Amino acid sequence: MIKSALEYIVGLQKPNIIEARDGWQYSDKSLERISYNPKARGIELTTLSSLIEYIKSGVDKMQGDMIVHVKTPQKVALYSSLDDERTREYVIEVNAELPTFPFGRYLGHEEFCIGLQSKFLKNNDRELLLKFAGTVEAGTIANYGDDGVTQKATVKTGVASKSDAVVPSPVSLQAYRTFVEIEQPECQYIFRMRQDRDQGIECALFEADGGAWKLQAMQSIKEYLRVNLTEMQGYIVIA
């Protein structure tokens, strides 16, 4: 308490300005310049098309060049270049609203199949996984093969017939992971299955491209914005 009170009292004192022999001036207190430089409150959007419409409408006057920054596959920001006080004005933040799939985690058989149908674009590998997961027989998922990679399971091949089949992996899938205006990036996944004592068959997808899909998506966003803002002067798109 006493220390805080003393610091407060000292803070009330006027600063002492001292001019040294070298011509520089020094103060015994930290000083900050008082300025009035108001900034707009940013707008939040959810689609790239709404950002383009906003820019093209010209509803707000911009001073100097503006930067459209593709921060992530799900986020784009619009802000100004540096002003006289070396600060920027953040005008827009666009956050994509996307369904999320829990990669890297085992899911119940039904939950996995529903997620695969609702959160991935239709392609050959998606249909292969759905068909395989829908016909595998509980209790037949084998351990890893000798190569440490493949799995086997018994699948139904007809009304009464069954056969052993290798679990398809890796697979190429297109999950909804970026803005809907952009072609969804294709990514390699490791598909795994296991038999849980209580939950039954469980399935999981693990990313296998080292995050390359993110770079692909961001470049696609950049190109989409660049093309649609070609006629607009003073807008720089970076990713």
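**Close-up views of a predicted model**

**View 1. Helices H2 and H5 pack against each other.** In this predicted model, helix H2 (residues 48-57) and helix H5 (residues 212-228) pack at an angle of about 30 degrees, and their axes lie 11 Å apart. Angles under 35 degrees count as roughly parallel, and H2 and H5 are therefore roughly parallel to each other. The crossing in which H2 passes H5 is right-handed. Which residues of H2 meet H5? They are Leu48, Leu51, Ile52 and Lys56, and on the H5 side they meet Ile221, Tyr224, Leu225 and Asn228. Sorted by class, this contact of H2 with H5 holds 6 nonpolar, 1 polar and 1 charged residues.

**View 2. Five strands make an open sheet with mixed pairing.** Reading across this sheet of 5 strands, the order is S3-S6-S5-S4-S13. Strand S3 (43-45) and strand S13 (235-238) stand at the edges; each has a single partner strand, so one side of each is left without a neighbour in the sheet. On average, and with direction ignored, neighbouring strands here are turned by 20 degrees against each other.

**View 3. Strands S4 and S5 pair, and H5 packs on their sheet.** For a look inside the sheet, take strand S4 (residues 66-72) and strand S5 (residues 75-80), which pair in the antiparallel sense over 6 bridges. His69 has Ala77 in S5 as its bridge partner. Helix H5 packs on the sheet and touches S4, S5 and S13. The direction of H5 makes about 155 degrees with that of S4.

**View 4. Arg86 sits in a loop with a positive phi.** The loop between S5 and strand S6 (90-95) contains Arg86. What is the phi of Arg86? The value is near 65 degrees, which is positive in a residue other than glycine. For comparison, most residues other than glycine have a negative phi. Is Arg86 buried or exposed? Exposed means over 50% relative accessible area, so at 63% relative accessibility Arg86 counts as exposed.

**View 5. Four strands form a second open sheet, with antiparallel pairing.** Here the 4 strands follow the order S7-S12-S11-S10. The edges are taken by strand S7 (107-108) and strand S10 (171-173), and each of them pairs on one side only.

Methods. Residues are numbered from 1 along each chain as its sequence is written. This is a predicted model: local features need pLDDT of at least 70, side-chain atom pairs count only at pLDDT 80 or more; totals for chains, interfaces and linings use all residues. Side-chain values use heavy atoms; hydrogens and water are left out. Axes are lines fitted to C-alpha atoms, for helices over the stretch in contact, and angles run from 0 to 180 degrees between N-to-C directions. Helices (H or I, at least four residues) and strands (E, at least two) are DSSP runs, numbered from the N terminus. Angles under 35 degrees count as roughly parallel, over 145 as roughly antiparallel, 65 to 115 as roughly perpendicular and the rest as oblique. A crossing is left-handed if the near helix is turned anticlockwise from the far one by less than a right angle, and right-handed if clockwise. Contact means heavy atoms within 4.5 Å. Ala, Val, Leu, Ile, Met, Phe, Trp, Tyr, Cys and Pro count as nonpolar, Asp, Glu, Lys and Arg as charged, and the others, Gly among them, as polar. Two strands pair if DSSP finds at least two bridges between them. Buried means under 20% relative accessible area, exposed over 50%, partly exposed in between (1.4 Å probe, protein chains only).
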